[in-house]
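Work through the two exercises below with the model open beside you. Try each task before reading its solution.

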Amino acid sequence: MSAPPGINPNIPHSARVYDYWLGGKDNFEADRRVAEATMAAVPGIRESARNNRAFLGRAVRHLTRLGVRQFLDMGTGIPSQGNTHEVAQAEAPESRVIYVDNDPIVMTHARALLTSTEEGRTAYLEADVRDPAAVLEHPEVREIIDFSQPVALMMVAILMHIPDADDPAGLVRTYADALPTGSYLVLSHLTLDLVPPHVAEDYLAATSNQAMHRTPRTGEQIARYFDGFDLLEPGLVAVSEWHDTPLFPDDLAWMYGGVGRKR
């Protein structure tokens, strides 16, 4: 794979590392080195990534069946099978989806590979999740999303890449404040709660010097992102346990996932 203009293939990026774990081909040697090093030090991390992707699909399908027709997908990542709009529009072809990511290579592939149904709308916004105004006030977002009707805010495996200094909980509140009652938050996040202490220590040692930032958080910290939302059953659980059994065995679960309805 050659690098598009403006892309430095020598700097690993979380979306491309995730793509590698999912079995994709849109990644560079620097991404593969980080992915392989993490896999060597962190047993089950690839399986957890795949279960996280499956969680996204189940959550979108569940919400579509509850009547949701609008999805704002933050940090979409490299396109692969089971994207938000594919799942939603398979259930309800009129569904509308906005993808947001700040990696130009993600947007290049998204625009080339992700096509909407004729009845629905799919759009791609190159923006930073840490700038809610740039996302929420963007003309295309305002054109496609009707903020008087329920919206599913998708924050799947994105907040773990936002350090505490950037106030991820405040970002979630800002986005949530723009949504009407009856909207939903779909969220998953890296945690060390679900692995033995020695495995958590190995993870921290293996990732401390990586250029790609990830912040694992506790279940208590992650639950605070759902302030103002009522968690749907089964609550905040390992992603493989949300409304299903794991597609990929994960004796060590690294991701919490949950879906909440705005009060």
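A pocket is an open set of grid points with protein on both sides within 12 Å along at least five of seven lines, and its lining residues have an atom within 4 Å of a point. Keep in mind that this model is predicted.

**Exercise 1.** Describe the largest pocket: its space, its lining and the elements that supply the lining.

Solution. 
1. Start with the space. The largest pocket holds about 800 Å³.
2. Count the lining. It has 43 residues. Nearest the pocket's centre lie Ser-14, Ala-15, Ala-157, Ile-158 and His-161.
3. Sort the lining by type. There are 24 nonpolar, 13 polar and six charged residues.
4. Find the elements. At least two lining residues come from each of α1, α3 (45–65), β1 (70–74) and β2 (96–101). The largest share is that of α3, with six residues.

**Exercise 2.** Describe how helices α1 and α2 pack.

Solution. 
1. Recall what is needed. Two packed helices are described by the angle between their axes and the distance between the axes.
2. Read off both values. Helix α1 covers residues 14–21 and helix α2 covers residues 29–41. Their angle is about 60°, and their axes are 9 Å apart.
3. Classify the angle. It makes α1 oblique to α2.
4. The crossing of α1 and α2 is right-handed.
5. List the contact. From α1 come Arg-16, Val-17, Tyr-20 and Trp-21. From α2 come Asp-31, Arg-32, Val-34, Ala-35, Glu-36, Thr-38 and Met-39.
6. Sort the contact residues. Six are nonpolar, one is polar and four are charged.

Key
Residues are numbered from 1 along each chain as its sequence is written. This is a predicted model: local features need pLDDT of at least 70, side-chain atom pairs count only at pLDDT 80 or more; totals for chains, interfaces and linings use all residues. Side-chain values use heavy atoms; hydrogens and water are left out. Axes are lines fitted to C-alpha atoms, for helices over the stretch in contact, and angles run from 0 to 180 degrees between N-to-C directions. Helices (H or I, at least four residues) and strands (E, at least two) are DSSP runs, numbered from the N terminus. Angles under 35 degrees count as roughly parallel, over 145 as roughly antiparallel, 65 to 115 as roughly perpendicular and the rest as oblique. A crossing is left-handed if the near helix is turned anticlockwise from the far one by less than a right angle, and right-handed if clockwise. Contact means heavy atoms within 4.5 Å. Ala, Val, Leu, Ile, Met, Phe, Trp, Tyr, Cys and Pro count as nonpolar, Asp, Glu, Lys and Arg as charged, and the others, Gly among them, as polar. On a 1 Å grid over the protein atoms alone, a cavity is a set of points where a 1.4 Å probe fits but cannot get out, and a pocket is an open set with protein on both sides within 12 Å along at least five of seven lines; lining residues have an atom within 4 Å of a point. Grid points are joined across faces, edges and corners, and a volume is the space filled by probe spheres set on the points.
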